[in-house]
Amino acid sequence: MEQERSSIEFKWLISILVIFFALYGLFPIKDRPFDTFVERHAKGDAVQFRKILDRAKERVTSGKAKTFFLALRELSYDEGIDLAHFFPDINLADIRNLKKKNDMLLNVLLTRSQGRIKQGLDLKGGISCILQVAQAAKDDSAMIDKAIDIIRQRIDSLGIAEPVIRRSGNSCIEIQLPGVSTRDNPDIINYIKKPAKLEFRLISERVPQSSFSVVPIGYELLTIEHENTNTGEIVETPYFVKKLPEMTGKAVRSAYVHIDQFGNFEVSLAMTGIGTKLLERVTADNIGRQLGIVLDGKLCSAPVIKTAIENGQASISGHFSKREATELAKILNNPLEFELSFVELSEIGPSLADDARTSSLLASMVSAVVVALFMLFYYRSAGGVAILLVTMNVLIVLGAMSHLGATLTLPGIAALVLTIGMAVDSNILIFERIREELKSGKGLKAALDAGHNKVFETVLDANVTTLIVAAILVWSGTGPIRGFGIILAVGILATMFCALVLGRVILDFLVKKNIVKSLIPKLHLREFNADFLKYAKKFACVSLAVIVAGILAIAYRGNGICGIDFAGGDEMTLKFEEKLPMGDIDAIAATHNMGKVLAVYQYSLTDSDDVLRLQTRQGSGRPMFEAMQTAHPGCKFSLVKESAIGASFGRSVKLSALMSVALSLLCMMIYIACRFEFAYGVGAIVSLLHDVVVTIGIYVLCGRQFSAPMVASILMIIGYSINDKVIVFDRVREERKLHADFSLTKVVNLSINRVLSRTILTSLTTLLASLVLCIFGIGVIVDLALVFTIGVVAGTFSSIFIASPIFISWTAFEKRHTRENGTL
């Protein structure tokens, strides 16, 4: 009894800590104006600081600075103001250089002023940048594609999710970053486009006397900047550096931040196998000389070679702050082979019309409420507990997204709503098992204990298989695929925690305190006793017909099934005299059958002209422009630029998605084979492939196009479907032990009938959520919900009529093979 009480107290403690952690990550919910936040949190001489703020605002008003953040930063540079004096709670005493100290302080204050959950391009907008590649790489398509991949990796390392990165025209790269503005990080584009050309060059033994000294042939004069530890001033020391490098950044395998013996930040370099040999040869041949480390033409450090370096390790020191060292390490891990130059920098508004955004958010809310009402109707008090657990589940996921720096988009909100339908699955499984125990004559407390104990492994197996998918996506995925994997993993862990830990302590508390007399009502679905496997072949033929029809539709439509995210399209940049609402643009696109048209208003930060950018499928750009001119002549649209855009879901991301899914399926089969039998794994994987192919086929037959959110939706289907199959197989395993004298077909039929009520209820709650989104949602929300609706039906169907028959057939094959070979 004492041990049980300690266990319950421990679970309560863990539950409280997890919920507190999640809630802490959610606040503040919205961004606070930076000028107001700074003024409110400043300490010290309020009058003096008020005058500084007024001078900064005057710079913005007069047009000398674009934003208050930039104005305050530039003012501190020009007047030598130590802003840290007004924020003593932020410890920067060890930073002597005033410019560096103010930069770090302002970045800390900016981060604190922002809302914890970042909103995507569709909800809030962000910044857009057009970068042009160097002349030498303009005609090299492979190099530009590689640059796009490297830029994506750099942005991923910043924790910015859901960026748009694609080719624009023949020689430009377009980058859209959600939830970011020049107020947030005015130097972010410089970081992204920096080449990071690293060279190891020998330094002449001659010491320059001044910057006017005669430079030896084959050398150039470079300087190292040092910070005076007393005054914080920057001092330059000149060196003669050899023009030809001994090694380049290609010899570096990885870079990471390290703290030296004096507590200074530096960037440590680990060499490749070839790089290690090169470094050993260079250092062995030049003991006593200095080896300069040059980054993008700037001499960072010049250590003296004291002995041959055989371990393939080197370091770059340069009085870096932690942030500077971290950024440098990230850049060195993803170096560009050529320079990128600015063409255009703009802030963009939300890509979704206000009414469409409001309608879709309302649909998401209605969807969640419908699921909640169903649970209350069917399970009464237990349904109330389920709603509380699902609410906690959502809060934990949102809190984790905040801590991880994830971006919330409208498809993300829809996916979260669909997760609600999936999250109740574990609760339904537990409640139905408790109902079985109550039916057998057990008391409420005994039924609760037995139900939880018997279903524990089932819930664990069902969620671990999905967690395998998430782990593979995080490990091998890139860009949005990896981001989805992280959120999926968080959602699974939150579901397991709420069902097995938080749910258990709440139910125990309610029963122990006699708050509820009847946890699970008598109302339930009738018991089934159908011979499902009798019709397996007929339904398999129906399924095959659907698959063939889907394949034919895909072949007939060809590239027409791919949206702008996958196939690219046209981009029209328009000037205007009167702003046209987003809803009117969507209406024109629908009237003229233009397909998906992405429209964003762009506010230039490099000139005074604001423009409207339209992105359409290939060949629809100019007709869309002409249709807008005809429908709204008062706006006086004029064409500024017309260009082709590449796919934001590039080749490497597609390959990453396919590889991740294939590896996930393999790992799931191995896990199921280890936990159950190999035959179970075969049945699960074949039926999963069936679900994906059927879902894609029916979606294409409906005349829809695939966009990036569709990939996430299909990955969610894999997670949902494997969960369903594991629960059926777990019951088959249990029933085989209880009914050893039954034939396998009879055991499987019995198991399907026993879990059918749970399957129907889970499918129903998930379908309620997705159908409401289909009916009341708009645009991509409808597409995402439609894919999921098809996938849920296909997954439920295949658990009964595909996975189970294949499991039986494979088991029979193994037995026949064993008899023929005379082995046990």
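Ser 721 lies in helix H21, which spans residues 708-738. Helices (H or I, at least four residues) and strands (E, at least two) are DSSP runs, numbered from the N terminus. The model is predicted: local features need pLDDT of at least 70, side-chain atom pairs count only at pLDDT 80 or more, and totals for chains, interfaces and linings use all residues. Residues are numbered from 1 along each chain as its sequence is written, and side-chain values use heavy atoms, with hydrogens and water left out.

Ser 721 counts as buried because its relative accessibility is 1%. Buried means under 20% relative accessible area, exposed over 50%, and partly exposed in between (1.4 Å probe, protein chains only). Leaving aside neighbours within four places in sequence, Ser 721 is in contact (heavy atoms within 4.5 Å) with Leu 688, Asp 691, Gly 795 and Ser 798.

A nonpolar patch on the surface is formed by Leu 362, Met 365, Val 366, Leu 771, Ile 775 and Phe 776. Together these residues have about 600 Å² of accessible area, computed by the Shrake-Rupley method with a 1.4 Å probe; for residues, only the protein chains shown count as cover. Patches are made of residues with over 30% relative accessible area and no salt bridge; like charges are joined within 9 Å, and nonpolar side chains (Val, Leu, Ile, Met, Phe, Trp, Tyr) within 5 Å. A salt bridge is a side-chain nitrogen of Lys or Arg within 4 Å of a carboxyl oxygen of Asp or Glu. Helix H10 (354-379) and helix H22 (744-776) each supply at least two of the patch residues. Val 366 sits in helix H10. At 31% relative accessibility, Val 366 is partly exposed.
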